Amino acid sequence: MGPSGCGKSTLLDALAGRLDSNTGQSGDILVNGRRQALAYGTSAYVTQDDALIATLTVKEAVYYSAQLQLPNSMPKSEKKERAEMTIREMGLQDAMNTRVGGWGQKGLSGGQKRRLSICIEILTRPKLLFLDEPTSGLDSAASYYVMSRIARQRAGKTILASIHQPSAEVFSLFQNVCLLSSGRTIYFGPTNAANGFFASNGFPCPTLQNPSDHFLKTINTDFDEDIEEGSTGKMRTEEVISILIESYKSSINYQEVQRQVDEICSENGEELEKRRDNANFISQCSVLTRRSSVNMFRDLGYYWMRLVVYTVLALGIGTIYYDVGSGKSYNSIQARGSMLMFVASFLTFMAIGGFPSFVEEMKVFQRERLNGHYDSSAFVIGNIVSALPYLLLVSLIPGSIAYYLAGLEKGVGPGEAFEHFIYFCTILFVSMMLVESLMMIVASVVPNFLMGIIVGAGIQGLMVLSGGFFRYPNDLPAPFWKYPLYYIAFHKYAYQGLYKSEFEGRTFCRPGENLPTLSGESILRNTWQVEMTYSKWVDIAILFGMVVVYRSLFWLIVKAVMSANDPAELLQ
Ligand SMILES: Nc1ncnc2c1ncn2[C@@H]1O[C@H](COP(=O)(O)OP(=O)(O)OP(=O)(O)O)[C@@H](O)[C@H]1O
């Protein structure tokens, strides 16, 4: 406990091994007298910000979490029962079917979100639980009920909570209190002895005042109010703090704490085991896929908005380039090329629109991963699988509108026409997957969504420039633009695949002529400077290969970022 900004969250972060690597830290963290880092899943931590999936209801959020965290051996009905019991414990039974809500959608109140976050973390009854200001946003009665229900579970467990402004009832629920001011320990010992400690130093709690209020008022340096000191009048807060710190260091309480630490160390107690009884990997993948699908379905910004914008754009492309595909004139060559370029780069570019939703999902993933709810690979797989149907939808509907309105390559016979159409939509689909994968990589490195969008758009802008349309491949400056960007940019393969599909086997008129004597192959070779040594199927295969590379890269970065934050790795 301590005034705002005294270092409560920092202390909890340090104990839970969540302090970021650029913050200096000294001393040992001992669990049962053993030096132990709290890696994923050894403890649960409810941080101050509630990272929750906005589209889920309370019931869904807790049920999915129960399915992820509770072992496969536990029957489904028991998991459901545990989830419901925990929801009731946190007093959320009346909000069971309310969505969490977020930007633009009112859902749970701040205090309810807080309780939901606690609910999710106490589902497995962890042995070591960190709670950073669990009562913020709660009224005094709710604070008491929440804390008393948490305290009820304390047998055989250690619960560390940071708190400010507890009521007298809540304060009495704590067995020990550590009072902090500007990162320094003012007092650490039994809660019921704190009053005596303050009184013995000349700062007794006035009658009818909540002791915790008195302690905080006495040690708050932010407002520089002089403190009444017993009979001697007023004293500066800094002086009061110095007196208390010095007094604590020579107090019996301090010696008692040291004695207890020595005793625990000599007992050589058991190591805190990592929780290993989560759902198995297959169940994790399946639950995460379902949860992510529900989120994608309900979050308008994830795919639906994109579908609407793509459809409008496809109608735009289709009307601007209406029936360009049946023309054989020289001008139609340029029109086809531009249209295909627009489809492969700008339609796919807008996959960036889903970035904010993805960043929100990443925040939830980070919290859950750090608390050991599941494996990072399960998250990556869940996300890929759940996104597939939506990506298919946003490539097929706008793709077919643009393709048929523009009257692109119809081939000979219905089979061939269909093959060209499917090829067009597949290129659109795989390019969107690539942009999404790229944005996932960006999200794992730059988790701020504004910065992420700028970085993602910048990378794509460079790739579009070097893709071989705005500057023909042979005219691209060799350093950087041609080697390596032209070969790395997926746009090159998307453009060339689409060009091959559209121009191969067709003839066009030369400038000023009416007879189609110019072969599609020569246009591909000489105008678009397409690499003709391999077929359009190789282009599409390269694109799919790139998806695999990009997704693997994303998975590797997530693993690397997570293990960099894993205190167990740091200790090795
Ligand atoms: N022991 C320490 N030494 C130096 N700086 C510290 C220490 N503890 C915390 N700080 C710094 O003090 C600032 C506030 O810390 P923190 O957020 O932990 O406070 P808090 O008590 O949780 O505040 P609030 O109650 O308002 O959330 C941070 O900038 C943090 O880096």
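**Ground rules.** I am working from a predicted model, where local features need pLDDT of at least 70, side-chain atom pairs count only at pLDDT 80 or more, and totals for chains, interfaces and linings use all residues. Residues are numbered from 1 along each chain as its sequence is written.

**Helix α15.** I looked up α15, which covers residues 376-406. Helices here are DSSP runs of H or I with at least four residues, strands are E runs of at least two, and both are numbered from the N terminus. From first C-alpha to last, α15 reaches 43 Å, close to the 45 Å expected for its 31 residues (1.5 Å times one less than the residue number). I found a kink of about 35 degrees at Leu388, shortly before Pro389; the bend is the angle between axes fitted to the seven residues ending there and the seven starting there. Just after α15, Gly407 has a positive phi of about 60 degrees.

Most residues other than glycine have a negative phi, and most peptide bonds are trans. Which residue has a positive phi although it is not a glycine? I noted Gln165, at about 60 degrees, in the loop between β5 (158-162) and α6 (168-171). I also checked the bond from Tyr483 to Pro484, and that peptide is cis, with omega near 15 degrees. Pro484 lies in strand β11, residues 483-484.

**α13 and α16.** Val343 and Leu347 are among the α13 residues that meet α16, where Ile427 and Met432 are among the partners (contact is C-beta atoms, placed from the backbone, within 7 Å).

Methods
Contact = placed C-beta atoms within 7 Å.
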